[in-house]
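Please read the following explanation with the sequence and the structure side by side. The paragraphs move from the overall arrangement to individual helices and then to single residues.

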Amino acid sequence: MQPRIPRQSAGEQNGRRPDGTDLDARFSEELASVVTGARRRAVRGGDRQIDTAHLLHSLLEYDPEARAVLGEGPQVARLLGYLVQRSIGYGLRWQSTVEDSGAVPVVAGGTGFSPLAAAAMEAACARAARRGVDRACGVDLLAALVTDPQARAVEVLGRAAVEPRTVLARVENHFEPTT
């Protein structure tokens with residue numbers, strides 16, 4: 001069976017895309033690296049699609065701003081521990097299943113993404129537009145990942161004792177102008 005996740009070109013290896021190509025013009029460079037890392041993680045794990053947990057893991061790995069919003073200390077260490085274990089532990093029950101809560105409409109054009117992950121990517125872009133910027137950043141995606149209680153990212157956060165409402169509040173504080 002062929003994986004549904006598009007393969008990376010040689011130029012995408014190590015988080016770099018070939019010159020002259022853009023993963024999505026609506027994503028910051030950091031967010032494009034997050035998506036590339038999530039794709040690599042999904043392919044390596046034998047998953048059918050990039051899900052919200054793949055995106056969360058890559059956010060923590062590639063985006064220091066999103067990592068800072070989550071905070072420092074034992075919660076983030078626990079969170080990373082759960083994410084690393086997904087391929088050898090509780091995440092195995094996710095393999096061969098599609099992440100879809102039914103709470104959000106399926107987003108067309110989300111090739112390679114679970115319905116919830118595709119919706120989170122669109123929501124991140126919408127958040128950026130509401131802030132008046134052209135490109136979504138990792139913090140926009142972080143906020144979008146925690147909005148659906150059925151998302152795998154939310155399940156992982158819960159196992160690490162990270163409250164999604166607290167994450168959203170931190171995101172809002174992150175974008176407030178300082179005076």
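**The helices and their surroundings**

The buried residues of helix 6 are covered by elements that include helix 1, helix 2, helix 3 (64–70), helix 5, helix 7 and helix 8. This description rests on a predicted model. Helix 6 is mostly covered, since eight of its eight residues are buried. Those buried residues are Gly138, Val139, Asp140, Leu141, Leu142, Ala143, Ala144 and Leu145.

The protein chain contains eight helices and zero strands, and from the N terminus on its elements follow the order α-α-α-α-α-α-α-α. Of its 179 residues, 47% count as buried. When contacts between residues at least 6 apart in sequence are considered, 65% of them join residues at least 24 apart.

Helix 2 (residues 52–62) packs against helix 6 (residues 138–145) at an angle of about 145°, and the axes of the two helices are 11 Å apart. Their crossing is left-handed. On the side of helix 2, the contact is formed by Thr52, Leu55, Leu56 and Leu59, while helix 6 contributes Gly138, Leu141, Leu142 and Leu145. Six of the residues in this contact are nonpolar, two are polar and none is charged.

Helix 1 (residues 29–45) comes next. It has 17 residues and reaches 24 Å from its first C-alpha to its last, close to the 24 Å expected at 1.5 Å a residue. Helix 1 is mostly covered, with 12 of its 17 residues buried. Among the buried residues are Leu31, Val34, Val35 and Ala38, together with Arg39, Arg40 and Arg41. The buried residues of helix 1 pack against helix 2, helix 5 (115–130) and helix 6. Just after helix 1, Gly46 takes a positive phi of about 75°.

The segment before helix 1 contains Ser28. Is this residue buried or exposed? Ser28 counts as buried because its relative accessibility is 12%, and the cut-off for a buried residue is under 20% relative accessible area. Leaving aside its neighbours within four places in sequence, Ser28 is in contact with Arg135, Ala136 and Cys137.

The buried residues of helix 5 include Pro115, Leu116, Met121, Ala124, Cys125, Arg127 and Ala128. They pack against helix 1, helix 2, helix 6 and helix 8. Just after helix 5, Gly132 takes a positive phi of about 85°.

How many disulfides does the structure hold? The structure holds zero disulfides. In general terms, a disulfide is a covalent bond between the sulfur atoms of two cysteines.

The explanation now turns to two residues in other parts of the chain. Ala161 lies in the loop between helix 7 (152–159) and helix 8 (164–175). Although it is not a glycine, Ala161 has a positive phi of about 65°. Most residues other than glycine have a negative phi. Ala161 is partly exposed, with a relative accessible area of 47%.

The second residue, Pro74, belongs to helix 4 (residues 74–85). At 58% relative accessibility, Pro74 counts as exposed, because the cut-off for an exposed residue is over 50%. Pro74 and Ala161 are 87 residues apart in sequence, and their C-alpha atoms are 9.8 Å apart in space.

Terms used: Residues numbered from 1 in each chain as written. Predicted model: local features only at pLDDT ≥ 70, side-chain atom pairs only at ≥ 80, totals over all residues. Heavy atoms only, no water. Axes fitted to C-alpha atoms, helices over the stretch in contact; angles between N-to-C directions. Helix = DSSP H or I, 4+ residues; strand = E, 2+ residues; numbered from the N terminus. Left-handed = near helix turned anticlockwise from the far one by under 90°. Contact = heavy atoms within 4.5 Å. Nonpolar A, V, L, I, M, F, W, Y, C, P; charged D, E, K, R; others polar. Buried < 20%, exposed > 50% of the residue type's maximum accessible area, 1.4 Å probe, protein only. Expected span 1.5 Å × (residues − 1). Disulfide = S-S within 2.5 Å.
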